[in-house]
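Have the sequence and the model open side by side, and let us walk through them together.

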Amino acid sequence: MKIIECPRDAMQGIDKFIPTSAKIKYINQLLKVGFDTIDFGSFVSPKAIPQMKDTAEVVSGLDFSGTTSRLLAIVANTRGAQQASSFQSIAYLGFPMSISETFQVRNTNKTIAEALNTLNEIKDICSKTDKKLVTYISMGFGNPYGDRYAPELVGSFVDVLLTLGSDVISLADTIGISTPTTIHQLFTSLTSAYPAAEIGIHLHSTPQTRYEKIEAAFNAGCKRIDGALKGFGGCPMANDDLVGNLPTEDILSFVQSKQGKSLVSDTELRKALAMAAEVFAG
C-alpha cells in the first residue's frame, strides 16, 4: 500500500499565508515518517493559488538525507511542468484532469480538449527529464454543475490517459460525494479493465464518512491512497462547502489493523501530527 501524504492539498485553500520556513520545517518532518510520496506543492499561478507561491523556495530548503519518500508537485501548464522538472528531487508531476468541462475550465482555465493537449506536452517534458506523470481524474465520482457523468465516461478517460502515457492515475472525489458502493464499483471495474495500470484514489470526506470510504477503497484492492494528516484541506476551486481530505493517520491505522504492521515510523508520525496542529492552527 502506497500512502501519499498531501500537505499541498491541506495548505492550498488556507487564506492566511503559511510562512515558507514553517512549510519547510513541516515537510522535512513528513520526510522522516516513511510515506511513499509527499504531494508537497504546486507550480501554478500565484494568483490562482497564493498559498503555493513559494513552492520553489520550499523544495530548495528540504533535507532528503535518510528518507525514501519521493516528492510530487502539481502543475497546470507546460511552464509549471518545466519549472518543476528542473528540480532533481521532484519525482512526480501531477496534472488535474477533469471529466467535468465546467471544473476543468474553473481549475486550469482550459477546456478538456485543451487540457489533453497540455497533458501530452507535459508527458513529453516528463520523458525528457526522467519524471513520472500522475494524472488526477477530478470530479471522478460526479460533479455539482450538471455536467454529464457516468462510470463508463471515467473508463474512457482512463483509456485516453494511459494512451497518452500517464504513469499513475488517481481517481479524485473532489467534492466528497462518493459512497462505499460507488468507490468499490468504480475502482474494481477500472482495475479489472486495466490490471497493469497503477490506479490510486484521492478522496475528500466529511469526518462522519471517512472510515467507510477508507474501508471501501481497501476492500476494492486499492494499493495507492492519498490523505492529509488530521484531514485538513480540500479543493478551493470546487465551488462547494469544503470537505476535508482523508486523515492519513486513520488510513494508516486501518491498514495496520488489516495487515498487522505499521507502514511508517510511529514516533516520527506523532511528531508530524503535533506539528500539523501548529501549522494549521491559523
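Helix 2 passes helix 11 with a left-handed crossing; a crossing is called left-handed when the near helix is turned anticlockwise from the far one by less than a right angle, and right-handed when it is turned clockwise. The model is a predicted one, in which local features need pLDDT of at least 70 and side-chain atom pairs count only at pLDDT 80 or more, while totals for chains, interfaces and linings use all residues. Residues are numbered from 1 along each chain as its sequence is written, and side-chain values use heavy atoms, with hydrogens and water left out.

To find this pair, look for residues 20-33 (helix 2) and residues 266-279 (helix 11), whose axes are 9 Å apart and pack at an angle of about 160°. That angle makes helix 2 roughly antiparallel to helix 11. Here, helices (H or I, at least four residues) and strands (E, at least two) are DSSP runs numbered from the N terminus. The axes are lines fitted to C-alpha atoms, for helices over the stretch in contact, and the angles run from 0 to 180 degrees between N-to-C directions. Angles under 35 degrees count as roughly parallel, over 145 as roughly antiparallel, 65 to 115 as roughly perpendicular and the rest as oblique.

Which residues meet where helix 2 packs on helix 11? From helix 2 come K25, Y26, Q29, L30, K32 and V33, and from helix 11 come E268, L269, K271, A272, M275, A276 and V279; contact means heavy atoms within 4.5 Å. Sorted by class, this contact holds eight nonpolar, one polar and four charged residues. In this sorting, Ala, Val, Leu, Ile, Met, Phe, Trp, Tyr, Cys and Pro are nonpolar, Asp, Glu, Lys and Arg are charged, and the others, Gly among them, are polar.

Now turn to helix 6 (residues 112-129) and helix 7 (residues 151-164), whose axes come within 10 Å and cross at roughly 30°. Helix 6 is therefore roughly parallel to helix 7, and the crossing is right-handed. Helix 6 brings I112, L116, L119, N120 and K123 to the contact, and helix 7 brings F157, V160, L161 and L164. These residues divide into seven nonpolar, one polar and one charged.

Setting aside neighbours within four places in sequence, T135 touches F95, M97, L119, L161, S166, V168, I169 and S170. T135 and L119 are 16 residues apart along the chain, and their C-alpha atoms are separated by 8.5 Å. Is T135 buried or exposed? With a relative accessibility of 0%, T135 counts as buried; buried means under 20% relative accessible area, exposed over 50% and partly exposed in between, using a 1.4 Å probe and protein chains only.

Another helix pair is helix 8 (residues 180-193) with helix 9 (residues 210-219): their axes come within 9 Å and cross at roughly 20°. That makes helix 8 roughly parallel to helix 9, in a right-handed crossing. P180, I183 and H184 of helix 8 meet E212, K213, A216, A217 and N219 of helix 9. The classes here are four nonpolar, two polar and two charged residues. Helix 8 is also the place of T188, which is partly exposed at 27% relative accessibility.

Next, a look at the backbone. Most residues other than glycine have a negative phi. N109, although not a glycine, has a positive phi of about 60°, and M139, also a residue other than glycine, has a positive phi near 55°. N109 sits in the loop between helix 5 (101-108) and helix 6, and is exposed, with a relative accessible area of 66%. M139 is found in the loop between strand 5 (132-138) and helix 7, and is buried, with a relative accessible area of 0%.

Finally, the cysteines. How many disulfides are there? The count is zero, where a disulfide is a pair of cysteine sulfur atoms within 2.5 Å. For C6, which is in no disulfide, the nearest cysteine sulfur belongs to C222 and is 12 Å away. C126 is in no disulfide either, and the nearest cysteine sulfur, that of C6, is 18 Å away. C6 is buried at 0% relative accessible area, and C126 is buried at 0% relative accessibility.
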